[in-house]
Each structure stands twice: as structure tokens, then as C-alpha cells.
Amino acid sequence: MKKSIVLLFIVITTGLIWCSWGLVWSDQEQPSTAGTSSWEENRLIAHALGGVNGASSTNSYEAIITNYNRGYRLFEVDLVQTTDGELVARHDWSHKLQPDLAVHRGRNVTKLQFANSLIMGRFHPLTLPDILQLMQKYRDFDLIVDSKAGSKEQIQQQFTYLVNEVRRTDPALLNRIIPEIFSPEMYDTVMEIYPFPNKMYSLYKTGASAESIVEFVRDKHLTSIAMPVYRVFINPNLVPALNKLGVKSFVHTVNSRPVMQLLHSFGVHGFYTDQEESPEELILADAPPDRVDFPGYISSGLASISNILMKVRNNGYK
């Protein structure tokens, strides 16, 4: 009886989400002029610069060096701004990563304070200039930038600083920096500051419908998109519709090889991951999925949707 109720709940929840976020209808799937570039051929993205020594989300020097040596050539980094206006690699100001900065709660952390505080007591933090120096030294990797700016003013401030710092260091690096774009409004704001040739539409902050996502990607000639795992299931023909446009879908964050294989069978191109394995070890695209707890995986994904929808509504994302 309990299983029947759970199943009914899943079916009803899925139906409601499909109604709110919609399907992509076939007459909307028109060919796009979207092309491909070499960075998009990577199927693995080192999430927050990659897992290192059993830790994830460190955005640290050790993480990027370790994963570069493993063979990763596409990295994602989180950037926040210190009170003196500098950009540093960190997801947020929670105390877990740098306990000695907990007293500041991010309200008055300077670049110097950040740089002098080890992450988890053992990893070295990175500022934007540090990252740019690594890009100059290792010239065959690309960097996806997840800006944690919340308002239009913060986006303008952070990307203006980013572009100016890159131009001062080496303007050619702008071709290897891929900003995550979270809304049409952010697209306009960022592109007014600098017309990045490579960018990625990221869905984790938006409640946009599948149809509007496809329309935006097609109109802006975008070639890649990032989405949480649950989007693959609640918008079941979103990935196929994007594939018809020549747009590659990257899903985050996936740390299971069987789940990667399953999602790849649905048309997903690549994955953000924390796994401490080489891309060659993780990508076994032709291997069949091996005992994936699919119902449990879907259930856990659906269980988080209400929280996600609440965050979207409270933050006013469009």
C-alpha cells in the first residue's frame, strides 16, 4: 500500500512539473546555426576544479593540478568577490571550507585573508590572478566560470573586473573562459561587457520551460547547455530537442559511472564530476548500464524538486 502511494505521488509530481515546465513540441525543433568548438568535445568537466584527496568543491590549487595531470582539460570554477573587490575561487562563505574565516561570514573577507587561509586546513586557495597564471602555464585547458553574483549590479561588477584582469594578463585567455549564463537578462548584461565567443546556458537557477530554453538557445546560437540531473527526466524530450539543434548537454554533478552511462543513453553529452578518476576511466560510453537503482534515483531527484522550485520562486529567477 505504501509503495502504491509513493508511486502515485511520483506520477502526480512528474505530471505537475511537466505541465509547469513543459515539453518541447516537434514543430519548435528547427535547425540551428550552432556550431561546435574543441572545448565542447570534452565529455568530463572537473567540478569546482575536481575532486582531490577525498575532498570535493575545494576550487583549490591542488585540485586543478591533480586533475590536469589526470587528463582533464575542461574545468569549472566558482568565483565570489571579496570585500576589496577581488575575485577568488570559492563556492560560498560557509565555514566548512575555511573554518578560520567563519567569524567573518563573508561580510568582510579581504583577498589577503582569503589567500592566507588553507582550505580544509590542507589545500591552497586560488585568486583570479592565480588562475590566469595557471592558464598561461597550461595552455591546453578551458575554464567554465560559475559566477555567484546575485544581482545585475553584481554581475556587471564581477564580469567587468574579470574582463579587465584577463586583458591585463593576456587578452587571448578570454577565448578560453566560458561564462555560465543563467538567464536571458544575464546574457545581455555579460555580452555588453564582453562578447565572449564561448558561453554556456546553465539551468540550475531557472524555472524556465523547456520550450523557452530551446527558443533562447536557438535564438542566441548557443552550442552548449548545463543542467541538473533531474531536468533530464522532468523534461524528457529537452535533451533530444537540443541535440537536434546541435547543442551539447552537460549534466551536473554525476559521480557514478553507471549513471553517466544511463544519461548518455538518453542523449546527454557530458558531465560535471568530482570523481577522482581520469576521463578515460569514467567514460565508457558503449558499456551497458550496470545495476542502476533507477526508481530510487528518480525518487530522490523528485524529492528535491519542491526545494528547488521554492528557491527559484524566492529568488525571482525567470
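Which residue in S5 does Leu143 stand opposite?

1. What you're looking at. This is a predicted model, where local features need pLDDT of at least 70, side-chain atom pairs count only at pLDDT 80 or more, and totals for chains, interfaces and linings use all residues. Residues are numbered from 1 along each chain as its sequence is written, and side-chain values use heavy atoms, with hydrogens and water left out.

2. The overall picture. The protein has 13 helices and nine strands; these are DSSP runs numbered from the N terminus, with helices being H or I of at least four residues and strands E of at least two. Of its 318 residues, 52% count as buried (buried is under 20% relative accessible area, exposed is over 50%, partly exposed is in between, with a 1.4 Å probe and protein chains only). Take the contacts (heavy atoms within 4.5 Å) with a separation of 6 or more: 66% of them come from residues 24 or more positions apart.

3. Strand S5 and its neighbour S4. Back to the opening: Leu143 stands opposite Ile177 in S5. S4 and S5 pair in the parallel sense over three bridges; pairing takes at least two DSSP bridges between the strands. To get from S4 to S5 the chain passes through H5, in a right-handed β-α-β crossover (right-handed if, with the strands pointing away from the viewer, the path from the first strand over the helix to the second runs clockwise).

4. S5 and S6. S5 is also joined to strand S6 (residues 200-202) by two bridges, and these strands run parallel. Glu180 has Met200 as its bridge partner in S6. The chain crosses from S5 to S6 through helix H6 (residues 184-193), and this β-α-β crossover is right-handed.

5. How enclosed is S5? Five of its five residues are buried, so S5 is largely enclosed by the rest of the structure. In a regular strand the side chains alternate between the two faces of the sheet. Both faces of S5 are covered, with Ile177, Pro179 and Ile181 buried on one side and Ile178 and Glu180 buried on the other.

6. Salt bridges across the sequence. The whole structure has eight salt bridges (a side-chain nitrogen of Lys or Arg within 4 Å of a carboxyl oxygen of Asp or Glu). One of them joins Glu41 and Lys248, at 3.7 Å, N to O. Glu41 sits in the loop between helix H1 (2-21) and strand S1 (44-46) and Lys248 in strand S8 (residues 248-252), so this pair ties together parts that are 207 residues apart in sequence. Glu41 is partly exposed at 47% relative accessible area, whereas Lys248 is buried at 15%.

7. Arg139 and Asp170. These side chains meet in a salt bridge at 3.6 Å, N to O. Arg139 lies in the loop between helix H4 (128-137) and strand S4 (142-147), and Asp170 in the loop between helix H5 (152-169) and strand S5 (177-181), so the pair ties together parts that are 31 residues apart in sequence. Arg139 is exposed at 53%, while Asp170 is buried at 15%.

8. Asp146 and Lys148 meet in a salt bridge at 2.9 Å, N to O. Asp146 is buried at 3% relative accessible area, and Lys148 is partly exposed at 22%. Asp78 is linked with Asp146 and Lys148 in a network of salt bridges.
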